[in-house]
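Hello,

Here is the structure we talked about. Please have it open while you read the notes below.

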Amino acid sequence: MTIDLAVDTARRALGPVGASLPVTFTSTPSATAQRDAGRRLENAGYRALWTNEVIGKDAFTHLSVLLAATERLTVGTCIANIWARPPQTAHGAAAYLAQAYPDRFVLGLGVGYPQQAESVGRPFGSPLTAMRDYVTGMNSETWPPAPDSVYPRILAANGPKMLALAGEIADGALPAGLPPEHTAQARKALGPDKLLVVALSAVIDDDLARARETARQVVSTWSTRPSFRATIAEFGYETAENVAPDDHVVDALVAHGTPDSITAKIRDHLAAGADHVTLLQPIGIEFASGIDGYVSLAPALTDLG
């Protein structure tokens with residue numbers, strides 16, 4: 001089977017590793033600060049930059065500012081929330097960015113959480129049905145017609161059913177916060193012709209003890225979700241809500257510590273079948289220090305390609 005042009009182009013454009021912008025829910029860095037961050041990361045050697053989206057934050061607007069401020073960076077949504085806009089609008093916005101900045105945009109879509117659907121007066125229902133209906137709706141005719149441009153669509157998918165759906169109706173998948181064994185399973189489920197982007201939690205801190213404790217907090221946050229606990233249990237990693245995860249679990253799920261140790265964990269996911277790994281720093285990290293961390297890490301990533 002021939003690999004889709006959008007997938008092949010995205011693989012080359014993204015490269016093996018990218019950075020997700022630091023996320024804070026208490027303040028919004030200025031457009032100037034974000035433009036400067038994009039330029040710094042591009043100059044440091046990053047080829048890809050990702051941003052999140054919650055209700056009230058428009059990822060397409062965010063990325064348009066970053067695209068205009070940089071020359072080569074490929075950007076992606078990690079993820080665009082399906083409750084934030086109608087599917088036809090999502091396609092129109094994505095196609096417009098892809099037309100304006102060819103081969104520099106990847107659309108990641110996710111179902112989010114029930115409270116996000118409720119906040120816009122929509123029933124959450126079945127995540128699989130909601131995602132299928134959304135992607136189908138993106139193909140509906142609009143007036144005026146959306147630009148005739150190509151961009152890859154990937155679905156946030158940790159569980160086997162959503163991974164299967166991603167392989168069926170999208171160009172690939174974007175699992176997050178899981179061990180390399182899951183990456184191997186995701187690649188097997190998707191096959192060789194789909195784009196597999198893995199979001200890897202990362203704590204950039206040369207103090208190993210401090211980095212591990214921060215990483216432990218990251219895993220504890222993930223562990224409040226029963227679906228997450230069930231998924232990692234399939235690979236032999238046990239944790240429980242309100243119980244601090246042990247070092248074995250922390251070391252498997254979060255890249256932390258020195259640049260070399262973080263690079264090694266990225267290599268584990270690439271070897272397991274990921275096309276691209278995007279790093280996620282802990283939620284709430286101060287924006288400027290998060291960018292500084294990525295810049296300090298960049299020299300260690302050059303050998304990845």
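Predicted model: local features only at pLDDT ≥ 70, side-chain atom pairs only at ≥ 80, totals over all residues.

A residue is called buried when its relative accessible area is under 20%, exposed when over 50%, and partly exposed in between.

**Salt bridges**

The whole structure holds 16 salt bridges.

Start with R210 and D205. Their closest N and O atoms are 2.6 Å apart. D205 has 15% relative accessibility; that is under 20%, so D205 counts as buried. R210 is at 49% and therefore counts as partly exposed.

Next, R39 and D36. Here the closest N and O atoms lie 3.2 Å apart. Both residues sit in helix α2, which covers residues 31–44. They are three residues apart, so about one helical turn separates them. R39 is partly exposed at 34%. D36 is partly exposed too, at 38%.

Then D247 and R216. Their side chains meet in a salt bridge with an N to O distance of 2.7 Å. D247 belongs to helix α11 (residues 247–253) and R216 to helix α9 (residues 208–222), so the pair ties together parts that are 31 residues apart in sequence. R216 is buried, with 13% relative accessibility. D247 is partly exposed, at 32%.

**Helix contacts**

Two packed helices are described by the angle between their axes and the distance between the axes. Two pairs follow.

The crossing of α4 past α6 is right-handed. On the α4 side, the contact uses P87, Q88, A90 and H91. On the α6 side, it uses Y134, G137 and M138. Sorted by class, that contact has four nonpolar residues, three polar ones and no charged ones.

The second pair is α12 (residues 259–272) and α13 (residues 287–301). The axes come within 9 Å and cross at roughly 65°. α12 also passes α13 in a right-handed crossing. From α12, the contact takes P259, D260, I262, T263 and I266. From α13, it takes L297, A300 and L301. What classes of residue make this contact? Six are nonpolar, one is polar and one is charged.

**A buried strand residue**

Finally, look at V197. This valine lies in strand β8, which runs over residues 195–204. Is V197 buried or exposed? At 0% relative accessibility, V197 counts as buried.

What does V197 touch, leaving out residues up to four places away in sequence? Its contacts are L14, W50, I154, A173, L174, P175, H276 and T278. Take I154 as one of them. I154 and V197 are 43 residues apart along the chain, and their C-alpha atoms are separated by 8.4 Å.

For a quick tour on screen, begin with the R210 and D205 salt bridge. End on V197 in β8.

Best wishes

Notes:
Residues numbered from 1 in each chain as written. Heavy atoms only, no water. Axes fitted to C-alpha atoms, helices over the stretch in contact; angles between N-to-C directions. Helix = DSSP H or I, 4+ residues; strand = E, 2+ residues; numbered from the N terminus. Left-handed = near helix turned anticlockwise from the far one by under 90°. Contact = heavy atoms within 4.5 Å. Nonpolar A, V, L, I, M, F, W, Y, C, P; charged D, E, K, R; others polar. Salt bridge = Lys/Arg side-chain N within 4 Å of Asp/Glu carboxyl O. Buried < 20%, exposed > 50% of the residue type's maximum accessible area, 1.4 Å probe, protein only.
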